[in-house]
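Trainee: I would like to go through this protein with you, one step at a time.
Mentor: Gladly; please look at the sequence and the model first, and then ask.

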Amino acid sequence: MSGTVLVARLDSVGDVLVQGPLVRAVAHGADRVVFLAGPAGAEAAGLLPGVDEVWTWACPWILGDPPPVDAGDLAALTDRVRALAPAQAVLSTSFHQSPLPLALLLRTAGVPRVSAISVDYPGALLDVRHRVDDDLPEPERALSLARAAGFDLPPGDDGRLAVRRPLPPVAHEPGGPDLPPGYIVLHPGASVPARAWPAHRCAEAVEALADAGHRVLVTGGPGERALTAAVAGTRGTDLGGALDLAGLAALLGGAAAVVVGNTGPAHLAAAVGTPVVSLFSPVVPAARWAPYGVPTVLLGDQDAPCRLTRARECPVPGHPCLASVTAADVVAAVEKVGSA
């Protein structure tokens with residue numbers, strides 16, 4: 001195959017990062033890959049090997065806090081796609097999302113071949129209507145769509161997550177004269193509150209990890225500085241708001257392990273090959289969304305009442321699925337993944 005291929009994934013950082021194998025497969029068979037991302041996922045799309053250009057668009061039927069439907073905005077995207085004139089499009093969605101509204105827009109823009117996973121009857125909107133077992137890990141699910149569309153990984157590609165290399169130098173020197181080599185990254189925030197380990201437990205973990213001889217770096221976005229400062233306390237190093245996504249990837253790449261919830265940095269850690277202690281709220285299934293392709297210890301009650309609810313706010317008083325995890329559990333899990 002040849003020509004430009006438009007790949008779309010319109011939600012968050014982690015959702016985009018797990019498209020890495022799909023993107024590399026498409027890039028192996030295309031002249032150029034344009035990635036259509038949502039505002040939260042665009043920076044991650046730029047880190048994926050095989051992406052030549054990133055477009056950003058706020059989709060009113062995908063985003064959790066969607067903008068209103070605007071006819072002018074839809075027309076502008078349609079015109080832009082028409083000018084790009086891609087040979088085909090590959091639309092990736094989560095199991096609870098429909099690709100059909102975007103497929104309709106792309107048909108209106110003249111895209112001659114559109115592929116997607118769809119449980120709904122697509123009529124004339126899709127040329128490849130792919131069906132898949134929804135218990136597949138998300139990277140494998142996405143790669144199966146690429147293969148259904150006629151693309152496959154290049155020889156020697158193991159299908160794991162990856163980011164562009166080289167990454168920027170780590171701005172913060174993590175070494176310490178009284179500590180062994182390596183450091184632990186603890187990322188206390190999450191994309192939605194239901195997936196976050198309680199802040200006081202994160203702070204307890206920093207203390208316990210420091211007592212066990214680890215240097216602990218606490219990371220978070222610009223809007224999480226109060227959280228990271230509280231969690232780091234006096235024993236951890238607060239890096240809240242200090243790193244862009246590429247810088248965070250570089251920092252995670254040098255860590256002995258990353259302690260993180262089911263959120264974007266968990267998949268970023270997997271993409272740089274770092275073991276993960278996954279504080280996993282079962283509001284979505286771990287079989288699909290656990291960190292992929294790296295040593296992982298999954299913590300959290302996977303049979304809690306919130307299981308498979310896709311809740312953004314915890315629906316159970318006390319957040320028992322994650323509040324049951326202790327600092328001692330985290331220290332033991334760090335030691336386990338570190339020896340894997």
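Mentor: Cys59 is buried, with a relative accessible area of 0%, where buried means under 20% relative accessible area, exposed over 50% and partly exposed in between, using a 1.4 Å probe and protein chains only. Please keep in mind that this is a predicted model, in which local features need pLDDT of at least 70 and side-chain atom pairs count only at pLDDT 80 or more, while totals for chains, interfaces and linings use all residues. Residues are numbered from 1 along each chain as its sequence is written, and side-chain values use heavy atoms, with hydrogens and water left out.

Trainee: How many disulfides does a search of the whole structure find?

Mentor: A disulfide is a covalent bond between the sulfur atoms of two cysteines, and here the term is given to a pair of cysteine sulfur atoms within 2.5 Å. Cys306 is buried, with a relative accessible area of 2%, and its closest cysteine sulfur, in Cys321, is 3.9 Å away, which is too far for a bond. Across the whole structure, the number of disulfides found is 0.

Trainee: What radius of gyration does the protein chain have?

Mentor: The chain has 13 helices and 12 strands, which are DSSP runs numbered from the N terminus (H or I and at least four residues for helices, E and at least two for strands). The globule rule, 2.2 Å times the number of residues to the power 0.38, is compared with a radius taken over C-alpha atoms. For 340 residues the rule gives 20 Å, and the chain is as compact as a globular protein of that length, because its radius of gyration is close to that value, at 20 Å.

Trainee: Is Leu91 buried or exposed?

Mentor: Leu91 lies in strand β4, residues 88-91. Leaving aside neighbours within four places in sequence, Leu91 is in contact (heavy atoms within 4.5 Å) with residues including Ala8, Pro99, Leu102, Val114 and Leu145. With a relative accessible area of 1%, Leu91 is buried.

Trainee: Which strands and which helix do the buried residues of α5 pack against?

Mentor: Helix α5 covers residues 100-108, and its buried residues are Leu100, Leu102, Ala103, Leu105 and Leu106. Just after this helix, Gly110 takes a positive phi of about 90°. The packing partners of the buried residues of α5 are the helix α4 (71-84) and the strands β1 (4-9), β2 (32-37), β5 (114-117) and β4.
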